[in-house]
Each structure stands twice: as C-alpha cells, then as structure tokens.
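Here is a quick tour for anyone opening this model for the first time. Take a look at the fold, then read on.

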Amino acid sequence: MLGLLLLLLLCGLGSQGFPARSFKMPKDAEQMVQQYLENYYDLKSVGEQIGQIGRQRKGSLVVEKLKQMQKFFGLKVTGKPDAETLKMMQQARCGVPDVAAYVLTQGNPRWEQTQLTYRIENYTPDLSRADVDHAIEKAFQLWSAVTPLTFSKVSEGLADIMISFTRGDHGDNSPFYGPEGDLAHAFQPGPHIGGDIHFDEDETWTNDLRHYNLFYVAAHELGHSLGLSHSNDIGALMYPNYNVNSYDDIQLSQDDINGIQAIYGPSKNPSQPTGRQTPQMCDSKLTFDAITTLRGEVMFLKDRFYMRPGSHYSEPELHYINVFWPNLPNGLQAAYEFADRDEIRFFKGNEYWAVRGTEMLPGYPRSIHRSFGFPRSVENIDAAVFEENTGKTYFFVADKIWRYDEYKQSMDAGYPKQIAADFPGIGNHVDAVFQKNGFLYFFRGRRQYKFDPRTKRVLTLLKPNSWFNCR
C-alpha cells in the first residue's frame, strides 16, 4: 500500500515561480515513512498473515497517520507522502513522539516538589566540561525564570534528572540510530528513569550555531523532563524539529510559558517574563514588518517568519525566513522586488541585503547611504516598493517619501515629499507596501489600503490579513 501511495507524490511548493527549497527524493522513502510514523505517530504494524484485508487496513492506517502528521506541522493535509511531507520527515528532531497544541504529556505528570536536582553523568568530547556545564545550566535557567522551580547540580548519587551522552541501543527501549536523526530524548517526570535526558553522542555538539547547539537541545528536552509534550507552534522551543539559526531562537515563546505555567504556575518574581508570539495569520491584530513580491507571489514578513498566501494547490504557509535566506537578520523593516533584475532587497537599519531566488548575492550588506544616496539623517526605511511602469522605487521614511530611479541609479529631484503628495488618503506613515496587478497595497497598523496609482485614489479599505482567506 505504501508503495502505491508513493506513486501519488505531489509537488508540494505550489507555484513554479516561488524558489523551491532543495529536495532530493530519498531512495528508501517507503521505509522512512513507515519508520517515522511508527516512531512519532504510534503507527502499529499489521501482520502480513492477515492477507489482503490486513494490507488494506495497514494502508488506511498510514493515510490516517500521515494526515495527523501533516496537520501537526501545518502542511497540506493529503494523507500522501508528498515532497513537503518527506522533507519534514528528513529534518533532525527530538526523539519524543508528537502530540497536538502545547498539550501536556499524557496523564499530566508533574514533579510534586519544586526544588529539583540534576546530575551530568558523563560528558561529550565535542565540548569542554565547562561548556557543557554552562549550556545545561542555562537551559535550566530558562524554565526556572518562569516557574517556581529551582534546580541544583549534584556531582554524585541519584538526582531527579540524570543527564547523559550515549549512542545506539542504550537500554531504555528508545535507541538512537546514528547522526542526523533523533538528537536526544527525555522522559516525563517520575521515579527511576523519569525526568532523565539522553543526548545522542553520534551527533556533533557545539556552543555556537554549527551542527547542533547543546543549550538549545537541552532546553527543549528539559521541557519534556518537566512534563511538556511537543507543540505545533513553529516558534515554540517545544516544536519537535531543530530550528536554530540565531541566538535569538534560544528562548521560550509565550506558548512554552503558557504550557509550563499550566503545570507549575508562574514564578514568584514580581516581574513576570513574557515570551515571543508566533504570528497567527488570521489574528485580527496582525501587522507586518515588510512585504515583497517574489516572482509573482507575495511574502509577508513578521519578526523571524514569512507568511505566504495559499492557492488552489497549496495551503497558506508560515515558516522561518532563514529557511530560504540563512544569512538575513531577524526583524527586517522593508523589502521590495526589482523584477527586471530578478532581485529582492531587504532593509534593516541603514543596511540592506540582495537576493536572487534563494541565493544571497555577494558583497552584502551594503549601506543605504552609499548605494541610494540617502542623507545620514535617514537611519532606516519603513517600507519600499518598485513601480514597474515607471522604473521608480518609492522609499517611505517616517512621514516622507523618496523616489529612486533604478536605471539612472539616483534619487529624483524634488524629493523627499510628504506621503500625501503622491499617495493621498493613506495617512502619514506606511508599515509595508507592495504592488500587484497594477495596484498598490499599503499597510498601516491594522488597516490595508488598495490604491490605484493612475487615479491617485484609495479604492478599498481592507483588513491586513485579507490575503489569507480567514473567516
């Protein structure tokens, strides 16, 4: 049945114009799907002796579990092992099975005492003992900062949470299978092995952004040790896949905080810390940092994420910006596409970066002052858009606009002007803007303006998330 399903592979990235992330069909796709669903989605084997009925039952179970997995990761729910699903299955991840939302571990286990001990039984040769101690200590501090829990390191005897580096079959019925698979796993609170954390020694552990950052993985696994299961919030520390591209990623999200405080309550600190929120495409309060077109499609940028509207062939997509462009910073402030050169320019502060497809162009970041001729008083760009008919790029800075001739590579005379001079009706500030089908779409706070540049009129007032088919 799986073999038949694999014949039904679909192309998972939608429009041909959107740059596809590199993907190579694995030779053992059928085995990989079977193993993944058994490991993380409780797929039970059906004996071959049952015959044709058994094979049909097995096939329907695979479809059911594939749909469950696709729903968890926000993929298009097809029940088929399409390219996006297989790509997700190939990512390095935690070895603990998945569940929905920020749901607590089954049975809601918790530590009854608030003062817990931990012991590092052995050390990886990849890092110094001091680096390992520091990474583990920081991981505990993330969770103690938002709960009444305290953690003390002991050097001998049995601790509440025992931490070790091991490989292969290490006697807990959860073997590791070598590098680039399950990075680590942890056990729910309880006696004996409860709370313990095991790291796969076949991985390469680091204290930077190369290979696998020990602090990040330890913090994730500790969430399991305290009673949390996996979250389907891609911005959460408890998301099952390894998602570290900057040190900013190694912190608790609000989803993580809500989950752990549902078990233990808030910390006793008078100032309660808050975590980052993952953008929700249908949130009526959603705003955007920047918007750009990309080979005919629209990308909405917010914090570390991009949002991409769905189509007849694909679901709306939310993912990390650095999935496509690993070297871009978080918190971009403006972006626009110069389609004639198949180039997108991203702005933050007084610098900008240029990409072509998924390729970062060399020599960036560059200065907006040297490249475009802005005076030193302009410290950042709020929004930008290239107007195809005129070859001009409009830059929005506070309540003013600058107009840049892309072909003469110089600012037009007479600028800056007040925004109202060229774009009446959209207010005196712009958060983001893009052009599509001859119209300009301006975003300011919780409002979106559809603007006709030929008549210089606002045609329609819209909600910012109108592109995501929200109910």
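## The chain as a whole

Of the 471 residues in the chain, 52% are buried (under 20% relative accessible area, with exposed meaning over 50% and partly exposed in between, using a 1.4 Å probe and protein chains only). The chain has 9 helices and 25 strands; these are DSSP runs, H or I of at least four residues for helices and E of at least two for strands, numbered from the N terminus.

A word on the source: this is a predicted model, where local features need pLDDT of at least 70 and side-chain atom pairs count only at pLDDT 80 or more, while totals for chains, interfaces and linings use all residues. Residues are numbered from 1 along each chain as its sequence is written, and side-chain values use heavy atoms, leaving out hydrogens and water.

Now find helix α5 (residues 129–144) and helix α6 (residues 214–225): their axes come within 8 Å and cross at roughly 45°. Axes here are lines fitted to C-alpha atoms, for helices over the stretch in contact, with angles from 0 to 180 degrees between N-to-C directions. That angle makes α5 oblique to α6 (under 35 degrees is roughly parallel, over 145 roughly antiparallel, 65 to 115 roughly perpendicular, and the rest oblique).

Who does the touching? On the α5 side, the residues in contact include Ile136, Phe140 and Trp143, and on the α6 side they include Leu214, Ala218 and Leu222. Contact means heavy atoms within 4.5 Å.

## Inside the cores

The largest nonpolar core has 46 residues, and Ile136, Trp143, Phe199, Trp205 and Leu226 touch the most other members. Such a core is a set of buried Ala, Val, Leu, Ile, Met, Phe, Trp, Tyr and Cys residues joined through side-chain atoms within 4.5 Å. Among the elements giving two or more residues to this core are α5, α6 and α7 (254–264). A second, separate core of 34 residues includes Ala335, Ile344, Phe346 and Phe372.

Back to α7: 8 of its 11 residues are buried, so this helix is largely enclosed by the rest of the structure. The buried residues of α7 pack against α5, and among them are Ile257, Ile260 and Ile263.

## A tucked-in glycine

Last stop: Gly391, in the loop between β17 (383–387) and β18 (392–397). Gly391 counts as buried because its relative accessibility is 2%. Setting aside neighbours within four places in sequence, Gly391 is in contact with Phe386, Tyr404, Asp405, Glu406 and Tyr407.
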